[in-house]
Amino acid sequence: MTRSAGRLRRGAVAATTVGILAVPGTAGVAFGAPASAPATVDAADPPSPSDSGSASPGQFQQLTPSVEKEIDAAVHKVMREAHVPGVTVGLWTPGKGQYVRSFGVADKGNGQKMAPGLYMRIGSETKTFTVTALLQLVDQHKVGLDDPIGQYIDGVPGGDRITVRQLAEMRSGLFNYSEDPGFFKALTSDPQRPFTPRQLLAYSFKHPVMFAPGEKFYYCNTNLILLGLVVEKESGQPLGKYIRDHVLTPAGMHHTLFPTDNKFPKPHAQGYTNQTATGKTEVSTDWDPSWAWAAGAMISTLNDLRTWAPTVATGTFPNGAAMISPATQKQRLLTPRTTIPGAGYGLGIFDIQGWIGHNGSLPGYESLTIYLPSAKATLVVLLNTDITHKGTEPSTLFGKAITRIVTPANVFDIPQPTTR
């Protein structure tokens, strides 16, 4: 949910809780919690209902030329107000048409146009792949959701009480390593330096546990680093290879990858961020994404994410085979409420006003991949900046502007977290 798993500390401000770097607060996040204040909610709170407004939930507008022009205008407005260099938008739903358009530039230096076929960093959307891998191991009885993480990984504070499920649901109580000032300094002083998962965990584990496991919701990249290590240990494969072999290849997603260094397939867009040591806007295209690893390192394309949206929301591969078992998928989609009004978070996935999926934010890039089951509708947004506008992630601004037009009863939004 972005406020962002990728936003470092500056703020998780823009990092709603799912995928940005916010200096140094939520590096690799993006869901929706401000970096300056942890996003927490009592575990006992019930799911919050969607605000359906006057339209019928699940209703999707026919993508007529007039509606497409309305979407064009809405996208241009967000770009102008939020100073977004380039964005690609894809909308698909059976019987209502499709909308695929790119706006602006991929490279401000040479004027290269944004295009639907470009590779993009997807930040915290990586979490959906890591948790999918984990749930496949649950189905194979190699991992138990209610096992303590200490059963798999040594040295976790309170590891005998924090469960695998609580990590995937963002209710562990562990400190978010990307909010550690030392981490932020290390990353921004040398953005091309590689980090190991254990180095990332060390930034977290030097802080005390924030609350009892299961007590609150708190979007935290540390949780995903641990889950990635569990996948590696119990599968016997590097995380990226497991995801490629057991998730991406069966899904036919041949242009999605889990990088092991800062190499970026071509063609790709340049990324622009102000999550820098000086606070000035810089090009972040070649920053090493290992700092986000299982929480936010992956790269993909518009068409692959079009495939992923219904796949992760239903638990079924495009050929009809089960990606994870129906029983496990049912557990995944239990999404207790968070501090974000209208938003619930399950096992590495959110439900925001009926839209299922995740957002992502990494310095220089943001993404949004969501699926509305009632309309079988998919929305993908990819852009080449993570610079927030009045405290809101630009991917959220696009999602809200577009869904106001096509699904007025299910408007995607990640407003400021409520305080308790």
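Begin by selecting helix α11 (residues 394–406), which is mostly covered, since 10 of its 13 residues are buried, where buried means under 20% relative accessible area, with exposed over 50% and partly exposed in between (1.4 Å probe, protein chains only). Helices here are DSSP runs of H or I with at least four residues, strands are runs of E with at least two, and both are numbered from the N terminus.

Before going further, note that this is a predicted model, in which local features need pLDDT of at least 70 and side-chain atom pairs count only at pLDDT 80 or more, while totals for chains, interfaces and linings use all residues. Residues are numbered from 1 along each chain as its sequence is written, and side-chain values use heavy atoms, with hydrogens and water left out.

Staying on α11, colour its buried residues, among them Phe398, Ile402 and Val406, and then show what the buried residues pack against, namely α1 (65–82), β3 (86–93), β11 (355–362), β12 (365–372) and β13. From its first C-alpha to its last, α11 reaches 19 Å, close to the 18 Å expected at 1.5 Å a residue, the expected span being 1.5 Å times one less than the number of residues.

Next, select Thr392, in the loop between β13 (377–383) and α11. Is Thr392 buried or exposed? Thr392 counts as buried because its relative accessible area is 19%, and, leaving aside residues up to four places away in sequence, Thr392 touches Leu397 and Gln416, a contact being heavy atoms within 4.5 Å.

Now move to the largest pocket, which holds about 300 Å³ of space and has 18 lining residues, the closest to its centre being Gly240, Lys241, Phe258, Pro259 and Thr260. On a 1 Å grid over the protein atoms alone, a pocket is an open set of points with protein on both sides within 12 Å along at least five of seven lines, a cavity is a set where a 1.4 Å probe fits but cannot get out, and lining residues have an atom within 4 Å of a point. Helix α7 (residues 239–251) gives the largest share of this pocket's lining, 5 residues.

Finally, colour the chain by pLDDT, the predictor's confidence in each residue from 0 to 100; the chain average is 89, but pLDDT stays under 50 over residues 9–27. Where pLDDT is low, the predicted coordinates should not be read in detail.

Note on methods. Points joined across faces, edges and corners; volume = space filled by probe spheres on them.
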